[in-house]
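This report goes through a structure from its ligand site to its domains and then to a pair of packed helices. The sequence and the model are shown first.

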Amino acid sequence: MKEKISTLLSQVEAFNASSLEELEAFRIKYLSKKGLIPALFDDFRTVAPEIRKEMGQLLNALKNTAQERIVALRENMEVATQETKSDKDLTLPSMASLGTRHPLSIVRSEIIDIFARIGFTISEGPEIEDDFHNFTALNFPEEHPARDMQDTFFIEKNPDLALRTHTSSVQVRVMEKNQPPIRTISPGRVFRNEAISARAHCIFHQVEGLYVDTNVSFADLKQTLFYFAKELFGEHTQIRFRPSYFPFTEPSAEMDVSCNICGGSGCNICKYTGWVEILGCGMVDPAVLEACHINSEKYTGFAFGMGIERITMLKYQINDLRLFFENDVRFLRQFKSAF
Ligand code: PHE
């Protein structure tokens, strides 16, 4: 028996396999139920008691060696196949590509940068706002449609709270805490209960601007926004104002810029008008100043608000707003910026 064991042991130790099939054949031959090693265990039952202990140890050692041999050979084979299958050329220089910023972040940074150069600070406010800051202080009458569930996301447990529908709520917060001169812009997310389409989304981004001081006039508003438009869209950009209405500004206007795609001659982006609307603005209504404890006899101010999505779409000729929220890298990868 001892001889048998040592013959098998040397066979096991010498065994080498070049394929998984060979390895499996080896396992069956030596270790399966009817294999050579279990057969020795059967013989072991009839071994004389004096040598039982020695034989038992030898047998166990044989079995363990065979099992270990299989494991070791299998591991070797796996490593080898991984290496040959790998499509990585380890001699190539690093392929890691730099990430890019989201187009909305790029344009937001550009807008902030332009206003920062002419002395505007940045302020922020909460996305969950109370009725006072989002509506009442901004002169929204009780029955204004924006106060309707259809347009605004109210917080179920507390109808005084809603997701802010515009960044004008931040104006109120800034004016409550500071006396003029105030010169600030407020970028942020806003929420409206709209059906999602290529042109509308229930979440979007705005930048609000507010300037309050003595002797601030509509001419200041125009000049500031003219400077802004030229900085953002290029030196040759023209602007025009159309009368409009917002509860919190009087007079109110909407500002168009000459279409930066066709230069004003007409294309499908500007719907052949040569102009595209980019923001709402106006002189801060004295009632708003008063609601924020600012003396409307002494101070005047202007405010404006723009949608970052809309401006980004114009700047980059993107025709579907939903692309901003899908985070498809094939889309995002196209934007490179210094910001
Ligand atoms: N809050 C307005 C809107 O969301 C924009 C606006 C801001 C208009 C400030 C005038 C002044 O449409």
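## Ligand site

In this predicted model, a nitrogen atom of the ligand is placed 3.0 Å from an N or O atom in the side chain of Ser168.

## Domain arrangement

The protein is divided into two parts, domain 1 covering residues 2-85 and domain 2 covering residues 103-335. Between the C-alpha centres of domain 1 and domain 2 there is a distance of 78 Å.

## Packing of helices 2 and 3

Two packed helices are described by the angle between their axes together with the distance between those axes. For helix 2 (residues 20-31) and helix 3 (residues 36-44), the axes come within 4 Å and cross at roughly 10°. Because angles under 35 degrees count as roughly parallel, helix 2 is roughly parallel to helix 3.

On the side of helix 2 the contact is made by Lys29, Tyr30 and Leu31, while helix 3 contributes Leu36, Ile37 and Pro38. Classified by residue type, this contact of helix 2 with helix 3 has 5 nonpolar residues and 1 charged residue, with no polar residues.

Technical notes:
Residues numbered from 1 in each chain as written. Predicted model: local features only at pLDDT ≥ 70, side-chain atom pairs only at ≥ 80, totals over all residues. Heavy atoms only, no water. Axes fitted to C-alpha atoms, helices over the stretch in contact; angles between N-to-C directions. Helix = DSSP H or I, 4+ residues; strand = E, 2+ residues; numbered from the N terminus. Parallel < 35°, antiparallel > 145°, perpendicular 65-115°, else oblique. Contact = heavy atoms within 4.5 Å. Nonpolar A, V, L, I, M, F, W, Y, C, P; charged D, E, K, R; others polar. Domains from an automatic or database assignment. Polar contact = N/O pair within 3.5 Å; in protein donor to acceptor, adjacent residues only side chain to side chain.
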